[in-house]
Amino acid sequence: MIHPKNDPQYILLPANPWFIALSLVVAIFLNLLPWSRMLALPDWVVLVLLFWNIHQPRRVGMSIAFGLGLMMDVHHANLLGEHALAYTLLSYGAIAIHRRIQCFGIVGQALHVFPLLMLAHIVPFIIRLLMGAPFPGWIYIFPGCIEAFLWPFTSWILLAPLAPQRRAADPDDTRPI
């Protein structure tokens, strides 16, 4: 067994923009499924957006978060801008602490992103209450907890050994990367 202090740290290549776009499109399609609103399912766009804000903040920033938020507002037929505001605040928070989060293990990362994930669900919740909607119950913010539990899975999928950022630019059998 490898001691945690001797665990190899991989130097990741910059992620391919096509891979980032594909992962965001898949997350959008998962959010567009008809049963995603009926059950307390996670917001897949929030998870993937948060991941890319932490790992590639120069490629996926607040403008992309705002655009994705508007797209989700239109899809859910909500007040235009509530998801856009929530995604933009999530993106800002993730970019602000992206270097700190990467120093932790996967469980530590999940604990650090939990408040950001809760913020992404509390902002539309508060906006709806301020606009006069009836109190929907606390189950409305439950997906934030599910997303925190799914953070290790999301990180594993997007940083899988076959992901484009793990491959060397010029493969060689003598290098570990």
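**A salt bridge and its surroundings**

Analyst: The side chains of Glu82 and Arg128 form a salt bridge, with 2.8 Å from N to O. Glu82 belongs to helix α4 and Arg128 to helix α6, so the pair ties together parts that are 46 residues apart in sequence. The model is a predicted one.

User: How many salt bridges does a search of the whole structure find?

Analyst: The side chains of Glu82 and Arg128 meet in a salt bridge. For the whole structure, the number found by the search is one.

User: Are Glu82 and Arg128 buried or exposed?

Analyst: A residue counts as buried under 20% relative accessible area and as exposed over 50%. By this cut-off, Glu82 and Arg128 are both buried.

User: Which helices do the buried residues of α4 pack against?

Analyst: Helix α4 covers residues 82-96 and spans 21 Å from its first C-alpha to its last, close to the 21 Å expected. Its buried residues include Glu82, His83, Tyr87 and Leu90. These buried residues of α4 pack against α1, α2, α3, α5 and α6.

User: Which residues make the nonpolar surface patch of about 240 Å²?

Analyst: One member, Val26, is placed in helix α1. Val26 counts as partly exposed because its relative accessibility is 43%, between the 20% and 50% cut-offs. The patch is made by Leu22, Val26 and Leu30.

User: Is His75 buried or partly exposed?

Analyst: His75 is in helix α3, which covers residues 62-76. Its relative accessible area is 34%, so His75 is partly exposed.

User: Which residues is His75 in contact with, leaving aside its neighbours within four places in sequence?

Analyst: His75 and Leu32 are 43 residues apart along the chain, and their C-alpha atoms are separated by 7.5 Å. Contact is judged on heavy atoms, with a cut-off of within 4.5 Å. With the neighbours within four places left aside, the contacts of His75 are Asn31 and Leu32.

Technical notes
Residues numbered from 1 in each chain as written. Predicted model: local features only at pLDDT ≥ 70, side-chain atom pairs only at ≥ 80, totals over all residues. Heavy atoms only, no water. Helix = DSSP H or I, 4+ residues; strand = E, 2+ residues; numbered from the N terminus. Buried < 20%, exposed > 50% of the residue type's maximum accessible area, 1.4 Å probe, protein only. Expected span 1.5 Å × (residues − 1). Salt bridge = Lys/Arg side-chain N within 4 Å of Asp/Glu carboxyl O. Patch = residues over 30% accessible without salt bridge, like charges linked within 9 Å, V, L, I, M, F, W, Y side chains within 5 Å. Areas by Shrake-Rupley, 256 points an atom, 1.4 Å probe, with all protein chains shown as cover.
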